[in-house]
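Subject: Structure handover and findings

Hello,

Here is the structure for your review. My notes on what turned up follow below it.

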Amino acid sequence: MISGLKWALAAGFFVGVLALNACKKDEAAALPPDTTDRDLAVLARDTTGSTWFGRSAALRPRSSGSAHGQAWLRARFNPTAAAALDGAGRVRPGATFGTGSLIVKELHGSTSGGASLLAVMQKNPTSPNAAADGWVWAEFDPAGAVVVSATAKGAGCTGCHAQTGSTDATLLTKYFP
């Protein structure tokens, strides 16, 4: 009788542990994507649901204020970031991007062929990789290889993106009114 009771207690304990682990898995699945380089590279290459800056996928010539070396660019916004755009697809003056916003600037060396670099901003103030402005910054080649890691916390980005006339660290509307 005692051994049967021990068995029942052990079985109950085992079922309880399984139930707790199942709940933890459900909680983890509900969390937003990680901001690691790998995950950002995947997000940067996915254009699903994106809105192009100015509502146009046309390439624009590099602006005089750009620190990027490529001659051409275009930028897209995920649905969260697109909420900060006006009807013309430009960043509203004084707008603040919501957490989860993703902006991808595709940089092109010429008007023919694909992008040579993807510069990425993701608004995630709680990320250990976030700069003081709440953005996670990274750059990738078109295949997803890291050019500038998110762990740099925007060291090569935030100086330019904090200049006068920026809107929540974005400069597109300043240079492409």
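**Nonpolar cores**

The largest nonpolar core has 23 residues, and those with the most contacts inside it are Phe77, Phe97, Ile103, Trp135, Trp137 and Leu172. Two or more residues of this core come from each of β3, α3, β4, β5 and β6. A second, separate core has 13 residues, including Leu40, Leu102, Leu118 and Ala130.

First, the ground rules. This is a predicted model, so local features need pLDDT of at least 70 and side-chain atom pairs count only at pLDDT 80 or more, while totals for chains, interfaces and linings use all residues. Residues are numbered from 1 along each chain as its sequence is written, and side-chain values use heavy atoms, with hydrogens and water left out.

Now the terms. A nonpolar core is a set of buried Ala, Val, Leu, Ile, Met, Phe, Trp, Tyr and Cys residues joined through side-chain atoms within 4.5 Å. Buried means under 20% relative accessible area, exposed over 50%, and partly exposed in between (1.4 Å probe, protein chains only). Helices (H or I, at least four residues) and strands (E, at least two) are DSSP runs, numbered from the N terminus.

Leu172 is in contact (heavy atoms within 4.5 Å) with Phe53, Leu73, Ala75 and Phe77, leaving aside neighbours within four places in sequence.

**Aromatic pairs**

A search of the whole structure finds 3 aromatic pairs. Rings of Phe, Tyr and Trp (its six-membered ring) pair if their centres lie within 6.5 Å; planes under 30 degrees apart count as stacked, over 60 as edge-to-face and the rest as tilted.

Phe77 and Phe97 are stacked, at 6.3 Å centre to centre with 15° between the planes. That pair links distant parts of the chain: Phe77 sits in strand β3 and Phe97 in the loop between α3 (79-82) and β4, 20 residues apart. Phe77 is buried at 0% relative accessible area. Phe97 is buried too, at 3%.

Phe97 also pairs with Trp135: the ring centres are 5.6 Å apart and the planes are at 65°, so this pair is edge-to-face. Phe97 is in the loop between α3 and β4 and Trp135 is in strand β6, so the pair ties together parts that are 38 residues apart in sequence. Trp135 is buried, with a relative accessible area of 0%. Ring pairs link Phe53, Phe77, Phe97 and Trp135 into a cluster.

**Charged side chains**

How many salt bridges are there? The count comes to 4, where a salt bridge is a side-chain nitrogen of Lys or Arg within 4 Å of a carboxyl oxygen of Asp or Glu.

Arg74 bridges to Glu106, the closest N and O atoms being 2.6 Å apart. Arg74 lies in strand β3 and Glu106 in strand β4, so this pair ties together parts that are 32 residues apart in sequence. Arg74 is partly exposed at 22%, whereas Glu106 is buried at 7%.

Glu106 also meets Arg76 in a salt bridge (3.0 Å, N to O). Here Glu106 in strand β4 and Arg76 in strand β3 are 30 residues apart. Both Glu106 and Arg76 are buried.

Arg38 and Asp39 form another salt bridge (3.4 Å, N to O). Arg38 is exposed at 60%, but Asp39 is buried at 18%.

Glu139, in strand β6, is buried yet has no salt bridge; the nearest side chain of opposite charge, Lys105, is 7.3 Å away. Lys and Arg count as positive, Asp and Glu as negative; His and the chain ends are not counted.

**Helix α2 and Val146**

The buried residues of helix α2 (residues 37-45) are Asp37, Asp39, Leu40, Ala41 and Ala44. Their cover includes β3 (72-77), β4 (102-108), β5 (117-123), β6 (135-140) and β7.

Val146 lies in strand β7 (residues 146-148). Val146 is partly exposed at 43%. Val146 touches Asp37, Glu139 and Phe140, not counting residues up to four places away in sequence. Val146 and Ala41 are 105 residues apart in sequence and 7.9 Å apart in space, C-alpha to C-alpha.

**Backbone points**

Lys153 has a positive phi, near 55°, and is not a glycine. Lys153 is in the loop between β7 and α4 (158-161). Asp168 also has a positive phi, about 45°. Asp168 is in the loop between α4 and α5 (172-175).

Best regards
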